[in-house]
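I set out to look up the disulfides and the aromatic pairs of one structure. My entries follow.

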Amino acid sequence: MSCLSLVVALAMFALVSSPAVSTSRRVLEHPKVQNGFRVKLKHVDSGKNLTKFERIQHGVKRGRHRLQRFKAMALVASSTSEIDAPVLPGNGEFLMKLAIGTPPETYSAILDTGSDLIWTQCKPCTQCFDQPTPIFDPKKSSSFSKLSCSSKLCEALPQSTCSDGCEYLYGYGDYSSTQGIMASETLTFGKVSVPNVALGCGEDNEGSGFSQGSGLVGLGRGPLSLVSQLKEPKFSYCLTSVDDTKSSTLLMGSLASSVKDSASEIKTTPLIQNSAQPSFYYLSLEGISVGETSLPIKKSTFSLQDDGSGGLIIDSGTTITYLEQSAFDLVAKEFTSQINLPVDSSGSTGLEVCFTLPSGSTNIEVPKLVFHFHGADLELPAENYMIADASMGLACLAMGSSSGMSIFGNIQQQNMLVLHDLEKETLSFLPTQCDQI
C-alpha cells in the first residue's frame, strides 16, 4: 500500500507530505484590464481563535448550506415550473478587499466562483444586514449611474424588471436574497481602477451568510461576472492552508499564469460546459484511487445528465469535497480498510469518516489519494484530505457524500495554483507554496 506520513503536533496534527449621483441610463462598454492585478484573499474565519480542525468544522457547516443551495439550483434547472427568483449558491469561504465609486470606498466582499452577479449593499436601505464597513452611498460617487434596461447586462439577468432603471432580484435558496438596482460603477483593486463595471446596488438584502462581507463578487462563467466583464480569459487563485495566518491570492488577467511552472508538475484538464448551469466550472472526473487501489466507480457516476444534473464542479466556496453517495461509500470503505485504526462512530465532528488515534502515537500513515480527471491524475498531499486533532484524538477524512452533483472543495485545492483558462477551456493545477506568491 502506498502511504503518506501523518505527523502529530501538540495541539493538532500537522500532515506532512510532500459628489452627485448621475441618473442617466448607461449602455456599458465593457472594460478591459491590460496588465491584470492581484488581490489578497482572507478566510472568513481568519482572526478567530480556532484550531485547524475547528475551522474545518465551521466550514463544513457553511458548506452543507451551500450544497443544499446547489441542489436547489439543480432542481430548478430540471423543472419547468415558474419560480419567484433565480436560486444561487451565495456566500463562500474567502473575502476579497476592493473599493467602489469615486472617490473610492473600501470594503470586503465574498468571493464566489459559483455565481456571477457583483453586488454590494447601498443606501437608502429598506432592509440591510450588518456589515463591517459603512454601507455604500451612491449619491457620494461621481462615477455611479443606473444601468439602462436595454443594456445587454440587464438582459443577462435571470430575472429583472424595469421601473426606475434595471432592477434585479436574486434568491439564494435558504430565504436569503438581494434586491435593488443595477448600476455602472468604478471598482478599484489595489492600484488598478476599472470603470463601467455592472453591479447590483442592493437596497433590500436579507438572510444569513453574507454578514462576513459587504456583498459578493461573482467569478462564474456568466456575462455578469467579474471575469466576463473584464474580458480577461484567465484567472487563478492560490489558497493557503486552512490554518495558515497568511493571505491567499487571486490573480486576474495576465498575472493569472505569471507564476513559473514546471511542465512535469502542472496538471491540466478540460472545462466542461453545462447549458443548464452555465456559470459553474465543471470538470470531467473519471475515477479515484486510494493507495494502489483503483476504486470500482461506475463511469456514469460523475457524468452530466441530459437534464443538467450530476457532474462535478470545482468550487472555492465549499470547504470539503462532496462525492455522489455511491462513490463516497467506496472511498470511505477503502480508507477504512487501509487505515489500521478504529472507526469513530460518535458523529461529534460533523465529518462522516473519522478514526480514533492510538494513545501516545506521534506518527500514523494514510494511503495516498488520486483524483483521475480527464488528462490529469491529481495526487493530493495528505494534508489536503486527512485532518486530525490531537486534543480530540481523531483523524477525519475531509470529504462527504452528496446526491445530484459532486463538488471538488477548497481543502483539496490548498497550496495549488488553480488556473482557469476560458480561452482554451481548461483548468490547471500547479503545486505552489501559496503563502509565498
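**Disulfides**

I searched the predicted model for disulfides and found six. Counting bonded cysteines along the chain, I recorded the pattern 1-8, 2-3, 4-6, 5-7, 9-12, 10-11.

I looked up Cys 125 and Cys 128, which form a disulfide with sulfur atoms 1.5 Å apart. Cys 125 is partly exposed at 29% relative accessible area, and Cys 128 is partly exposed at 25%.

I then turned to the disulfide of Cys 149 and Cys 162, with an S to S distance of 1.9 Å. The torsion about this S-S bond is about 95°, so I noted the disulfide as right-handed. It links Cys 149, in the loop between β8 and α2, to Cys 162 in strand β9, 13 residues apart. Cys 149 is partly exposed at 24%, whereas Cys 162 is exposed at 55%.

Cys 154 and Cys 166 are joined at 2.1 Å, S to S. This link is right-handed, with 95° about the S-S bond. It connects helix α2 with strand β10, across 12 residues. I found both Cys 154 and Cys 166 buried.

**Aromatic pairs**

My search of the whole structure returned 12 aromatic pairs. One of them, Phe 37 with Phe 189, is stacked, at 4.5 Å centre to centre and 10° between the planes. Phe 37 lies in strand β4 and Phe 189 in strand β11, 152 residues apart. Both Phe 37 and Phe 189 are buried.

For Tyr 168 and Tyr 170, I noted centres 6.3 Å apart and planes at 75°, so this pair is edge-to-face. Tyr 168 is buried at 2% relative accessible area, and Tyr 170 is buried at 3%.

Finally, I recorded a cluster in which ring pairs link Phe 371, Phe 373, Phe 408 and Phe 429.

How values were computed
Residues are numbered from 1 along each chain as its sequence is written. This is a predicted model: local features need pLDDT of at least 70, side-chain atom pairs count only at pLDDT 80 or more; totals for chains, interfaces and linings use all residues. Side-chain values use heavy atoms; hydrogens and water are left out. Rings of Phe, Tyr and Trp (its six-membered ring) pair if their centres lie within 6.5 Å; planes under 30 degrees apart count as stacked, over 60 as edge-to-face and the rest as tilted. Helices (H or I, at least four residues) and strands (E, at least two) are DSSP runs, numbered from the N terminus. Buried means under 20% relative accessible area, exposed over 50%, partly exposed in between (1.4 Å probe, protein chains only). A disulfide is a pair of cysteine sulfur atoms within 2.5 Å.
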